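The sequence and the model come first, and the notes follow by topic.

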Amino acid sequence: MTTDPGPPGRGSASSAHRAPVPPAKEIEPPERDMSGSDLRAGERDSGHRTHRPWAARRLPAMLVASVILVAAVAALVDVLAVRAGRPAAAWRRHLADELATRSVDDVWMLTGAAVAAAIGVWLIVLALTPGHRHWLPLRSPAGCPRLRASLDRDGAARLLRDAAMRVPGVGAAHVRVRRHRIRARADVRFRDPRQVKDDLTAVLDEERGRLTLARPPRIVVRVRRRAD
């Protein structure tokens with residue numbers, strides 16, 4: 001019968017052959033403000049591409065559902081009335097006569113077909129496009145591909161305009177943010193307009209990097225001399 005060994009002493013053989021345990025390294029929490037290069041590297045490593053969020057399309061869906069509901073209820077009520085022994089509604093008799101007597105090349109038939117085709121194409125485009133064109137998607141941080149965020153284009157324009165107003169020599173600035181381009185116009189009160197333009201481009205580029213946009217728009221800067 002063997003006995004359980006007690007806790008090894010400081011100079012025992014078992015402790016001599018035991019591998020030294022490295023000191024545990026305390027893991028620091030991730031920074032909340034990540035630089036643009038770190039976000040780009042994390043996005044490449046994760047293989048995730050941030051897309052624009054999909055719109056719910058509530059208004060088009062409500063309109064289409066309302067039209068279909070009204071037409072279906074009207075047809076159902078008329079069919080039930082006919083089954084009950086009453087004559088068909090005048091609108092249904094008129095519609096059936098028009099469809100039976102008019103030729104295919106009639107103007108009204110072609111117009112109705114064109115309207116129906118346009119509505120169908122519109123619905124297909126709404127179904128295949130994400131919408132939310134007024135929102136700019138932000139890059140997802142590394143390790144969190146499901147984290148989605150977007151920035152309003154007007155909010156981005158205000159942030160860029162505030163950054164532009166901090167440039168020495170800029171008296172007034174107007175910034176418009178689009179999906180692929182940022183247009184900035186500035187009035188120069190003093191200094192050389194070319195130097196102001198270079199400084200303004202650099203400041204806007206830095207501020208654009210802080211926004212961490214998934215697809216940073218191209219910056220176009222225009223300055224003009226404005227005397228008081």
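**Helix packing and overall layout**

In this predicted model, the axes of helix α6 (residues 153-165) and helix α7 (residues 193-210) come within 9 Å of each other and cross at roughly 140 degrees. The crossing of α6 and α7 is right-handed. On the α6 side the contact is formed by L159, L160, A163 and A164, and on the α7 side by L200, V203, L204, E207 and R208. Sorted by class, the residues of this contact are seven nonpolar and two charged, with no polar ones.

**Chain as a whole**

- Seven helices and five strands make up the elements of the chain.
- Read from the N terminus, these elements follow the order α-α-α-α-α-β-β-α-β-β-α-β.
- The chain has 228 residues, and 22% of them count as buried.
- Its accessible surface is about 17,400 Å², and carbon and sulfur atoms contribute 60% of that area.
- Among contacts in the chain with a separation of 6 or more, 59% join residues 24 or more positions apart.

**Nonpolar core**

- The largest nonpolar core contains 22 residues, and L160, V177, L200 and L204 have the most contacts inside it.
- At least two residues of this core come from each of α6, β3 (170-177), β4 (181-188), α7 and β5 (218-225).
- Three of the residues with the most contacts in the core, L160, L200 and L204, also take part in the contact between α6 and α7.
- V177 is in contact with L136, R153, A156, A157, L160 and I182, once its neighbours within four places in sequence are left aside.
- In soluble globular proteins, nonpolar side chains tend to be buried together.

**V170 in strand β3**

- V170 belongs to strand β3.
- V170 counts as buried because its relative accessibility is 10%, under the 20% limit.
- Beyond residues up to four places away in sequence, V170 touches A164, M165, A186, D187 and V196.
- One of these partners, A164, is also among the α6 residues in the contact with α7.
- V170 and V188 are separated by 18 residues in sequence, while their C-alpha atoms are 4.8 Å apart in space.

- Most residues other than glycine have a negative phi.
- R191, which is not a glycine, has a positive phi of about 75 degrees.
- The loop between β4 and α7 holds R191.
- With a relative accessibility of 27%, R191 counts as partly exposed, since that value falls between the limits of 20% and 50%.
- T212 is a residue other than glycine that also has a positive phi, near 50 degrees.
- The position of T212 is in the loop between α7 and β5.
- T212 has a relative accessible area of 14% and is therefore buried.

Methods
Residues are numbered from 1 along each chain as its sequence is written. This is a predicted model: local features need pLDDT of at least 70, side-chain atom pairs count only at pLDDT 80 or more; totals for chains, interfaces and linings use all residues. Side-chain values use heavy atoms; hydrogens and water are left out. Axes are lines fitted to C-alpha atoms, for helices over the stretch in contact, and angles run from 0 to 180 degrees between N-to-C directions. Helices (H or I, at least four residues) and strands (E, at least two) are DSSP runs, numbered from the N terminus. A crossing is left-handed if the near helix is turned anticlockwise from the far one by less than a right angle, and right-handed if clockwise. Contact means heavy atoms within 4.5 Å. Ala, Val, Leu, Ile, Met, Phe, Trp, Tyr, Cys and Pro count as nonpolar, Asp, Glu, Lys and Arg as charged, and the others, Gly among them, as polar. Buried means under 20% relative accessible area, exposed over 50%, partly exposed in between (1.4 Å probe, protein chains only). Accessible areas come from the Shrake-Rupley method with a 1.4 Å probe; for residues, only the protein chains shown count as cover. A nonpolar core is a set of buried Ala, Val, Leu, Ile, Met, Phe, Trp, Tyr and Cys residues joined through side-chain atoms within 4.5 Å.
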